[in-house]
Amino acid sequence: MKTEESWPKPWREYTYVAFDTETSGKFPLVGEIVEIAGVKWQGGKIMDTYQTFVKPTKPMGEAVMKIHHITNEMVEGAPKIHEVLPAFDSFIQGSILMGHNAAFDLGFLAIEYDHLSMSLPTAPTLDSCLLGRKAFPESVNHRLATLVGLLNIKVSQAHRALDDSRACQEISIKSMEKINSQGSLDEIFKEQGGALLWPRYSMTDLLSHEVTGVLVEGSKKQLVLEITYQGGVKSGQPRRITPQGLVRNPIGDYVVGLCHNDNTEKRFYLNRILSAKILD
């Protein structure tokens, strides 16, 4: 995705915020943000940090708590997302954003901006995973933990938002130094494949369409849906699914659903869903 602005100065001259979220689930519309953090960097120095827990509307399950080690007790007294988001928005103003697999975080955040009728940030986003792939193709994979090990980055606690933000920042800087140490930010965006822009991760445009509007509503409430899908062994035949979340992704938007045909979680791309209705 191309940026709508030009960033002609050397990339080192801009201010950056590396950010991360921890969530109560894997997918937007069902999972909620439970921690958000950021590290502001300018001229080779960390200028400021931001971190807060966020109280979700529903308790977290054991499986997700084992991943990030954030418990329901830890978020019990935390502010709710409508109290947190304005402060986070203020923190990132005037900065270029960095995230690792940033589409994940943008998907959760854009929904909350929309819920609160807040204007989406205009800042373009760099992805340290994409930059790492370009800079370090020899890495066995480009997960955060793998790149942290490859680049000898010190991390206190993985899968916590502030430490992952610091790791994202260092991976991004090391990647940009290797890709083009003296280049402009425009050149870095080009090497990444384009900036990630917030409107791409909003779901407001999906609500006005007959099929995708049903998918959004069904995902929010995890209702049983009947869809007709173009693909798979039963292409074109109605099938029942229970949505687990909806993901906006640069390679294609999709809904993740529990397929009732074989009780398996599957990915259904939106451009292949011919019809959708909520079952009573």
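In this predicted model, the hairpin of strands β7 and β8 has six residues between its two strands, and Gly252 takes a positive phi near 140° there. To find a spot where they face each other, look for Ile241, which stands opposite Cys259 in β8.

Strand β7 has another partner too. Four bridges join β7 to strand β6 (residues 225–229), and these two strands also run antiparallel. Here, Glu226 stands opposite Arg240 in β7. The table sets the two pairings side by side.

| Strand pair | Direction | Bridges |
|---|---|---|
| β6 and β7 | antiparallel | four bridges |

Now let's turn to the helices. Two packed helices are described by the angle between their axes and the distance between the axes. For helix α5 (residues 128–135) and helix α7 (residues 161–180), the angle is about 35° and the axes lie 9 Å apart. The crossing of these two helices is left-handed.

Which residues of α5 and α7 meet? On the α5 side they are Ser128, Leu131, Gly132, Lys134 and Ala135. Their partners in α7 are Cys168, Ile171, Ser172, Ser175, Met176, Lys178 and Ile179. Sorted by class, this contact has six nonpolar, four polar and two charged residues.

Conventions. Residues are numbered from 1 along each chain as its sequence is written. This is a predicted model: local features need pLDDT of at least 70, side-chain atom pairs count only at pLDDT 80 or more; totals for chains, interfaces and linings use all residues. Side-chain values use heavy atoms; hydrogens and water are left out. Axes are lines fitted to C-alpha atoms, for helices over the stretch in contact, and angles run from 0 to 180 degrees between N-to-C directions. A crossing is left-handed if the near helix is turned anticlockwise from the far one by less than a right angle, and right-handed if clockwise. Contact means heavy atoms within 4.5 Å. Ala, Val, Leu, Ile, Met, Phe, Trp, Tyr, Cys and Pro count as nonpolar, Asp, Glu, Lys and Arg as charged, and the others, Gly among them, as polar. Two strands pair if DSSP finds at least two bridges between them.
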